[in-house]
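The following paragraphs lead through a predicted model.

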Amino acid sequence: MIGTVQAWQSACNLIPDILQNDVGLTNGIKLSPSERLSAPGIMFWELRVVDQECGKKPTYVTWRSDRSTPTDYADGSPLQRAVSGRIEIFSNNSRTDSSMILLLASIDDKFTDKQWAVEFVTYEFDEKIGRFHYVFEVLTIITG
């Protein structure tokens, strides 16, 4: 049996692991405020950027895990759960920029390599923040 919180927590550990170790992004929450300002590359955050200065970087990524739904039962108890997440990219770069093409492809490829279902769902320009906004939805099966 696997509980909903256990499956959700598992996904909350897997998503940043893939973003950091496979996609090659930097986990901003693990850096001190001064390290964040000078860190090269793209940083990612759970839910939101933690300070305004990091929100000024040319590109940053946020993620969250949304829900856990039972998919297989035995004796009335869930044996596995589908857990979904959302990865959002905020960037000064449009979809035709070579660095953006590489980032989008890397997220798609690396999550797919780890047996996650990946769907690209949104591309828009957010007038409020003056950035392009890209959204992936990801889903994996967690077994207890």
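In this predicted model, the largest nonpolar core comprises 27 residues, and L19, I87, I89, I107 and F111 have the most contacts inside it. At least two residues of this core come from each of helix 1 (4-23), strand 3 (59-74), strand 4 (77-91), helix 3 (98-113) and strand 6 (131-143). Helix 1 provides the largest share, seven residues. The surroundings of I107 illustrate how these elements meet: leaving aside residues up to four places away in sequence, I107 touches V23, I87, I89 and F136.

The strands form an open sheet of six, in the order 1-2-3-4-6-5 and with mixed pairing. Its edges are strand 1 (26-27) and strand 5 (117-126), each of which pairs on one side only. Within the sheet, strand 3 and strand 4 run antiparallel and are joined by 14 bridges.

Helix 1 lies across strand 1, strand 2 (43-46), strand 3, strand 4 and strand 6, and runs at about 145 degrees to strand 3. Helix 3 also packs on the sheet, where it touches strand 3, strand 4, strand 5 and strand 6. The direction of helix 3 makes about 175 degrees with that of strand 4.

Which residues of helix 3 are buried? They are M100, L103, L104, S106, I107 and F111. Because these residues cover an arc of only 160 degrees around the axis, they fall on the same side of helix 3.

What covers the buried residues of helix 3? The cover includes helix 1 together with strand 3, strand 4, strand 5 and strand 6. Two of the buried residues of helix 3, I107 and F111, are also among those with the most contacts inside the largest core. Just after helix 3, Q115 adopts a positive phi of about 70 degrees.

Definitions and conventions:
Residues are numbered from 1 along each chain as its sequence is written. This is a predicted model: local features need pLDDT of at least 70, side-chain atom pairs count only at pLDDT 80 or more; totals for chains, interfaces and linings use all residues. Side-chain values use heavy atoms; hydrogens and water are left out. A nonpolar core is a set of buried Ala, Val, Leu, Ile, Met, Phe, Trp, Tyr and Cys residues joined through side-chain atoms within 4.5 Å. Buried means under 20% relative accessible area, exposed over 50%, partly exposed in between (1.4 Å probe, protein chains only). Helices (H or I, at least four residues) and strands (E, at least two) are DSSP runs, numbered from the N terminus. Contact means heavy atoms within 4.5 Å. Two strands pair if DSSP finds at least two bridges between them. Axes are lines fitted to C-alpha atoms, for helices over the stretch in contact, and angles run from 0 to 180 degrees between N-to-C directions. The arc is that of the directions from the helix axis to the C-beta atoms.
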